[in-house]
Amino acid sequence: MRIGFGLPVSGTWATPERLGRFAKAAEHQAYDSLWTFQRLFVGVDQAVDPVYRSVLDPLVALGFAAACTETVRLGVAVVNLPFVSPAYLAKQVGSLDVLSGGRVDLGLGTGWSEAEFAATGASGERRAARTREFVAVLRTLWRDEVSEFDGEFYTLPRGRMDPKPAREGGVPILLGGSVPAALSRAGEIADGWVSRSAHDLTQIAKDVALVRAGAEKAGRDPDEVRIVCRAVLFRPGREFLAGSWEKIREDVAWLGTQGVTEIFYDLNFDPTIAGPDVDAAAAEDRALDILHNLTPRGLS
């Protein structure tokens, strides 16, 4: 199983110096990937987790991390597709892939915050159909010499977008979502599925089955579809992915038996590390201790 680490992008520990140090430390400790997430806008009266109050832009943060590293993969879980045009995102992510030497994974979601939909002027209607078109536009812009698309939501006149991503075929796309239709859709049209922060990973086998069933329905090899899980450690009230280092490693190994192909430890949802009023130096010390103690270095 591949093991990654969430970059410091939320709260007081999300500074340039710490982001750079964590990116380098994770690469040195043989983590496979670094991850960010998107939180665009929070309403004054909106009841959300405090860690959402201050969040760096996910692609800018990955660009910063790319400049600090050489080989570690760079993923975002997720960018909410209703808030941006597919052509604009294709240019951003394609450029990041070129500049990083082909290291980017793009996670896409459909959004849930009413405040963000209002702030971006986006529509929450018919998200499933919009997602299918969005992915199709990304694919043609990244793969085809001449692109063209005429859909219900998006239109591309005949034209070109260059440079193409560093890897032939474009940047791998992971879809989020937790309802059965979304899980099946990830298997049908994407390179994989990525879980959300609140997902109950103890029930992951059912989700994996739905993703792979979607791949089979589309005539794809289900074993080729990636299953990526955000591992939120030490979540209050849950015993899974908590306790001793050995216990956490055992939980991660169990996820591998359930069909998970990749996980990344994400401390941005730990209020003792990424909370808005946490002492940043203390947060960094605790996070580095976790990073070093759960290193995949030397593991099969």
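Reply: Gladly! Let's start with accessibility: buried means under 20% relative accessible area, exposed over 50%, and partly exposed in between (1.4 Å probe, protein chains only). The model is predicted, so local features need pLDDT of at least 70 and side-chain atom pairs pLDDT 80 or more, while totals for chains, interfaces and linings use all residues. Residues are numbered from 1 along each chain as its sequence is written, and side-chain values use heavy atoms, leaving out hydrogens and water.

Me: What makes Arg126 count as partly exposed?

Reply: Its relative accessibility is 46%, which falls in the in-between band, so Arg126 is partly exposed. You will find Arg126 in the loop between helix 4 (114-120) and helix 5; helices (H or I, at least four residues) and strands (E, at least two) are DSSP runs, numbered from the N terminus. Arg126 also has a positive phi of about 50°, although it is not a glycine.

Me: How do you know whether Pro236 and Trp142 are buried or exposed?

Reply: Set each value against the cut-offs. Pro236 has 69% relative accessibility, so it counts as exposed; Pro236 is in the loop between strand 9 (226-231) and helix 8 (245-257). Trp142 has a relative accessible area of 4%, so it is buried. Trp142 lies in helix 5 and touches, among others, Leu106, Lys164, Pro165 and Ile173, not counting residues up to four places away in sequence. Contact here means heavy atoms within 4.5 Å.

Me: Why are helix 3 and helix 5 called oblique?

Reply: The axes of helix 3 (residues 86-100) and helix 5 (residues 127-143) come within 9 Å and cross at roughly 50°. Axes are lines fitted to C-alpha atoms, for helices over the stretch in contact, with angles from 0 to 180 degrees between N-to-C directions. Under 35 degrees counts as roughly parallel, over 145 as roughly antiparallel, 65 to 115 as roughly perpendicular, and the rest as oblique. The crossing angle belongs to the rest, and therefore helix 3 and helix 5 are oblique to each other. On the helix 3 side, Pro86, Ala87, Leu89, Ala90, Val93 and Gly94 make the contact, and on the helix 5 side Phe134, Val137, Leu138, Leu141 and Trp142.

Me: What classes do the residues of that contact fall into?

Reply: The contact of helix 3 with helix 5 has ten nonpolar residues, one polar and no charged. Ala, Val, Leu, Ile, Met, Phe, Trp, Tyr, Cys and Pro count as nonpolar, Asp, Glu, Lys and Arg as charged, and the others, Gly among them, as polar.

Me: And what makes helix 1 roughly parallel to helix 10?

Reply: The axes of helix 1 (residues 16-28) and helix 10 (residues 280-293) come within 11 Å and cross at roughly 10°. That angle makes the two helices roughly parallel. Their contact has eight nonpolar, no polar and three charged residues.

Me: How many aromatic pairs are there, and how do you know which kind a pair is?

Reply: A search of the whole structure finds 15. Rings of Phe, Tyr and Trp (its six-membered ring) pair if their centres lie within 6.5 Å; planes under 30 degrees apart are stacked, over 60 edge-to-face, and the rest tilted. Phe37 and Phe269 sit 5.1 Å centre to centre with 35° between the planes, making the pair tilted. Phe37 and Phe269 are 232 residues apart, and both are buried. The rings of Phe134 and Tyr154 have centres 5.7 Å apart and planes at 85°, so that pair is edge-to-face. Phe134 lies in helix 5 and Tyr154 in the loop between strand 5 (147-150) and strand 6 (155-159), so the pair ties together parts 20 residues apart in sequence.
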